[in-house]
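Visitor: Hi, could you walk me through this one? Pockets to start with, please.

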Amino acid sequence: MHAKCELASYSLGVLVTNRCRFVCATSKQTSETVCLTSYRSPRGGSDLLNSVKIWEACRATSAASSLFDPIAIGRYKEEFVDGATGANNPVWEVWNQAQLMWGPQPLEGRIKCLVSIGTGVPSLKPFRDDIFHIGNTLVAIATETEQTAERFRRDKSHLDDSGRYYRFNVNRGLEEIGLEESKKRKEIAAATRHYVGSQDVFKRMQACADSMAGRECQS
């Protein structure tokens with residue numbers, strides 16, 4: 001494994017280096033966040049690694065309880081639901097998995113660039129009348145993503161100060177678009193285009209690209 005590597009985190013899945021990939025899902029049996037990996041982890045069992053297909057892992061990590069039924073996967077048919085209920089912003093899962101794979105030495109000096117990508121501020125309104133009681137859960141999930149990002153940024157401020165941590169998330173225009181509104185692609189595209197076109201975000205994207213390419217950023 002390379003001495004220095006890029007890390008990236010997403011709301012629905014996570015990528016660690018070119019060879020190690022995983023997504024987060026929530027076990028219905030324990031309510032704990034489980035990392036479904038493409039590699040053998042020192043703390044992970046072999047039953048899920050050896051039996052779960054890629055499509056099953058994708059289905060598990062995106063099984064939002066208000067839209068999809070849980071999926072039973074693996075040798076023991078354990079049920080999983082949306083990873084967002086436990087790790088809507090999985091940046092800490094990225095960090096912990098990298099620490100497991102790279103050994104006990106501090107990660108800070110081995111990370112070239114860490115990129116965290118959000119999916120915008122989600123709708124806080126219920127999807128349908130019959131799920132009224134999960135309203136408080138939706139509020140908590142929506143708030144948790146940016147709180148997690150801020151806690152990580154403060155805790156790993158040296159990465160931010162040295163231009164090795166970048167967080168991108170559309171902060172305006174997606175508030176009224178819920179998870180079930182897949183047909184509003186033009187609204188999503190327009191809000192995203194507006195976000196990435198702003199001068200501040202454009203400069204940060206350039207700095208991020210320069211950092212990943214190993215070039216010095218021009219101020």
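Guide: The second largest pocket holds about 510 Å³ of space. A pocket here is an open set of points on a 1 Å grid where a 1.4 Å probe fits, with protein on both sides within 12 Å along at least five of seven lines. This is a predicted model, where local features need pLDDT of at least 70, side-chain atom pairs count only at pLDDT 80 or more, and totals for chains, interfaces and linings use all residues. Residues are numbered from 1 along each chain, and side-chain values use heavy atoms, leaving out hydrogens and water.

Visitor: Which residues are closest to the centre of that second largest pocket?

Guide: Cys35, Ser41, Arg43, Gly44 and Gln97, out of 19 lining residues, meaning those with an atom within 4 Å of a point.

Visitor: And what classes make up the lining?

Guide: The lining has 7 nonpolar, 8 polar and 4 charged residues.

Visitor: Okay, new topic. How many disulfides does the structure hold?

Guide: It holds 0 disulfides, a disulfide being a pair of cysteine sulfur atoms within 2.5 Å.

Visitor: Is cysteine 208 buried or exposed?

Guide: Buried, because its relative accessibility is 7%; buried means under 20% relative accessible area, exposed over 50%, and partly exposed in between, with a 1.4 Å probe and protein chains only.

Visitor: How much of the protein chain is buried?

Guide: Buried residues account for 41% of its 219 residues.

Definitions and conventions
Points joined across faces, edges and corners; volume = space filled by probe spheres on them. Nonpolar A, V, L, I, M, F, W, Y, C, P; charged D, E, K, R; others polar.
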